[in-house]
Amino acid sequence: GSDIVVSAGQATAGGASAKLGEPEEADQDEEDDEAPIGLEIWPSARALLEWLSQRTITGAPDLSGKTLLELGAGTGFLAMEVSEPAGAVGAHKVYATEGEPQVFANMQRLVRSRGAEGRVHTVRWNWEETAVVPADIPLEDVDLVLGSDLVYVGTAEDELADALAELLRSCRARPGLRALLMLCDRAPGGEQFLPNPRPDSGTRAVDRFLTACEARRLRPQELPLPGDLEVPGLSRLHERLNPRAEEPLRLFEVTASIDRHAAEARAE
């Protein structure tokens, strides 16, 4: 479990305080509605952590000693937990990326307060503005890309797919680099709230993302989630895994087809 204790207004990590929201998808006070969503710990992050931790049951990859890159790290909860030396996952290092300034500053404070700077490296990257991977991420060292709850009502599924394509096809990336994404499949709507509004597609959040992946020759494969997986901090998880649920959780492994030019770039 996490030692980040979250209340409606403040979160304590290793004795220090920083602003966060509720850790679950609970109703927020009206005054909190404008707070960035990245200040909250969302169920998808908790579910992905548990899936990675229970690998003998789930078939998750062994990440002990590995270097990871997290997209949209938010509070840094997942990055800190998967790299916890005494934890079940035991990753060596995580490059935790975040693009929203307030959320990024909050994550930096939490990482410092927990004394996790040696294993969690915070990197500012707003992939909704640019898909170019920051130069200070040594992509050649990264074994796996992680992400949770990255598609929302009104977010940028096309830009996320662009970022994944850049990561997985980069000449700096290890051959066969892949991404594991735990997504919450939300109902249609919300495109009008994007910085550059686009017509509502009438499809669910994950469907929009899968369509964007197909257009970029990315290969997302849905992985099974055990219905009896117990996730600390969540109740009735089996209902969140039901495809008929209002907002089911879905896990994907994303790989990229490598074109001839990319292969030649690797060989040089």
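**Questions on a predicted model**

Me: In which strand does glutamate 70 lie?
Reply: The model is predicted, and its residues are numbered from 1 along each chain as the sequence is written. Local features need pLDDT of at least 70, side-chain atom pairs count only at pLDDT 80 or more, totals for chains, interfaces and linings use all residues, and side-chain values use heavy atoms, leaving out hydrogens and water. Helices (H or I, at least four residues) and strands (E, at least two) are DSSP runs numbered from the N terminus. By that numbering, glutamate 70 lies in strand S4.

Me: Is glutamate 70 buried or exposed?
Reply: Buried means under 20% relative accessible area, exposed over 50%, and partly exposed in between, with a 1.4 Å probe and protein chains only. The relative accessible area of glutamate 70 is 2%. Glutamate 70 therefore counts as buried.

Me: Which residues does glutamate 70 touch, not counting residues up to four places away in sequence?
Reply: Contact means heavy atoms within 4.5 Å. Leucine 181 is 111 residues from glutamate 70 in sequence and 9.7 Å from it in space, C-alpha to C-alpha. The residues that glutamate 70 touches are Leu78, Ala79, Val94, Tyr95, Ala96, Thr97 and Leu146.

Me: Over how many bridges do S4 and S5 pair?
Reply: Two strands pair if DSSP finds at least two bridges between them. Threonine 67 stands opposite lysine 93 in S5. The pairing of S4 and S5 is in the parallel sense, and its number of bridges is four.

Me: Why is strand S5 (residues 93-98) said to be largely enclosed by the rest of the structure?
Reply: The reason lies in the burial of the residues of S5. S5 is largely enclosed because the buried residues number five of six.

Me: What is the order of the seven strands in the open sheet?
Reply: Strands of a sheet pair through backbone hydrogen bonds, either parallel or antiparallel. In this sheet the pairing is mixed. The order of the strands is S6-S5-S4-S7-S8-S10-S9.

Me: Which are the edge strands?
Reply: Neighbouring strands of this sheet are turned against each other by 25° on average, direction ignored. Each edge strand pairs on one side only. The edge strands are S6 (120-124) and S9 (218-223).

Me: Which residue in S8 stands opposite glycine 147?
Reply: Strand S7 (residues 144-148) and strand S8 (residues 179-184) run parallel and are joined by four bridges. Opposite glycine 147 stands leucine 181.

Me: At about what angle does helix H1 (residues 43-53) run to S8?
Reply: Axes are lines fitted to C-alpha atoms, for helices over the stretch in contact, and angles run from 0 to 180 degrees between N-to-C directions. H1 lies across S7, S8, S9 and strand S10 (249-256). Its direction relative to S8 is about 135°.

Me: Which strands does H5 touch as it packs on the sheet?
Reply: The direction of H5 makes about 100° with that of S9. The strands touched by H5 are S4 (67-71), S7, S8, S9 and S10.

Me: At roughly what angle do the axes of helix H5 (residues 157-169) and helix H6 (residues 205-215) cross?
Reply: The two axes come within 8 Å of each other. They cross at roughly 45°.

Me: What is the place of alanine 116?
Reply: Alanine 116 is buried, its relative accessible area being 0%. It touches Met80 and Val111, not counting residues up to four places away in sequence. Its place is in the loop between helix H4 (101-113) and S6.

Me: What is the phi of aspartate 149?
Reply: Aspartate 149 is found in the loop between S7 and H5. At 2% relative accessibility, aspartate 149 counts as buried. Although it is not a glycine, its phi is positive, at about 50°.

Me: What is the relative accessible area of arginine 217?
Reply: Arginine 217 has its place in the loop between H6 and S9. Its phi is near 60°, a positive value in a residue other than glycine. Arginine 217 is partly exposed, with a relative accessible area of 43%.
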